[in-house]
Amino acid sequence: MHETSNEFAPASQGELQRFVQENAAGERRAEVCRSTRPAVILAPYWQDVHPDHVAASQLADDARFWSKLSKTEMSGDPFWPPRLYHYFSVHLRIHPRPSFVLDISDHIDTKMRAIGCYESQ
């Protein structure tokens, strides 16, 4: 398992969209990218019926963009996370064509235990 971070925003159901609107500057999220230096960022697909999923996608995009800027007062050295992958939710109203599919069959039990940790799920 790789290290993960949930330092971007509050995790309460329905609060993420409001958080993004009230905190337009991506400096804090960029500082997390600079300090953790992720090789890969996973984010929800940007078109979704759930406003929090759309907001989470925007948070990831903003963090990646802001983290590369050099003429800022942000802590940490500029860093551009090399890969940003968007994943699809099962309740999309659109039917996009994925660019790749990752088989998680060997890890489905771990995934289900992780999902079970969240009351809202």
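## Contacts and overall make-up

Two residues are in contact when heavy atoms of theirs lie within 4.5 Å. In this predicted model, contacts between residues at least 6 apart in sequence can be sorted by their separation along the protein chain, and 69% of them join residues at least 24 apart.

The protein chain contains four helices and two strands. The protein chain has 121 residues, of which 26% are buried. Its accessible surface amounts to about 9,100 Å², and carbon and sulfur atoms account for 52% of that surface.

## The packing of α2 and α3

Two packed helices are described by the angle between their axes and the distance between the axes. Helix α2 covers residues 27-36 and helix α3 covers residues 51-67. Their axes come within 7 Å and cross at roughly 70°. Because angles of 65 to 115 degrees count as roughly perpendicular, α2 is described as roughly perpendicular to α3. The crossing of α2 past α3 is right-handed.

Which residues of α2 and α3 make the contact? On the α2 side they are E27, R29, A30, C33 and R34. On the α3 side they are L59, D62, A63, R64, W66 and S67. Sorted by class, the contact of α2 with α3 comprises five nonpolar, one polar and five charged residues.

The buried residues of α2 are R29, A30, V32, C33 and R34. Of these, R29, A30, C33 and R34 also belong to the contact with α3. An α-helix has 3.6 residues a turn, so residues three or four places apart point the same way.

## R37, after helix α2

Helix α2 is followed by R37, which is found in the loop between α2 and β1, the strand at residues 40-44. R37 is not a glycine, yet its phi is positive, at about 50°.

Is R37 buried, partly exposed or exposed? The relative accessible area of R37 is 41%. Buried means under 20% and exposed means over 50%, so a residue in between is partly exposed. R37 is therefore partly exposed.

## The loop between α3 and β2

Both S70 and F79 are found in the loop between α3 and β2. S70 has a relative accessibility of 56% and therefore counts as exposed. F79, by contrast, has a relative accessible area of 15% and is therefore buried.

Which residues does F79 touch, not counting residues up to four places away in sequence? They are C33, R34, R37, P38, R64, S67 and K68. Among them, C33 and R34 are also part of the contact that α2 makes with α3, as are R64 and S67 on the α3 side. The C-alpha atoms of F79 and R34 are separated by 5.7 Å, although these residues are 45 residues apart along the chain. With the same exclusion of sequence neighbours, S70 touches R34 and P78.

## The loop between β2 and α4

V101 has its place in the loop between β2, at residues 83-87, and α4, at residues 108-116. With a relative accessible area of 72%, V101 is exposed, because the cut-off for that class is over 50%. V101 and Y87 are 14 residues apart in sequence, and the distance between them in space is 9.6 Å, C-alpha to C-alpha.

Notes: Residues are numbered from 1 along each chain as its sequence is written. This is a predicted model: local features need pLDDT of at least 70, side-chain atom pairs count only at pLDDT 80 or more; totals for chains, interfaces and linings use all residues. Side-chain values use heavy atoms; hydrogens and water are left out. Buried means under 20% relative accessible area, exposed over 50%, partly exposed in between (1.4 Å probe, protein chains only). Accessible areas come from the Shrake-Rupley method with a 1.4 Å probe; for residues, only the protein chains shown count as cover. Axes are lines fitted to C-alpha atoms, for helices over the stretch in contact, and angles run from 0 to 180 degrees between N-to-C directions. Angles under 35 degrees count as roughly parallel, over 145 as roughly antiparallel, 65 to 115 as roughly perpendicular and the rest as oblique. A crossing is left-handed if the near helix is turned anticlockwise from the far one by less than a right angle, and right-handed if clockwise. Ala, Val, Leu, Ile, Met, Phe, Trp, Tyr, Cys and Pro count as nonpolar, Asp, Glu, Lys and Arg as charged, and the others, Gly among them, as polar.
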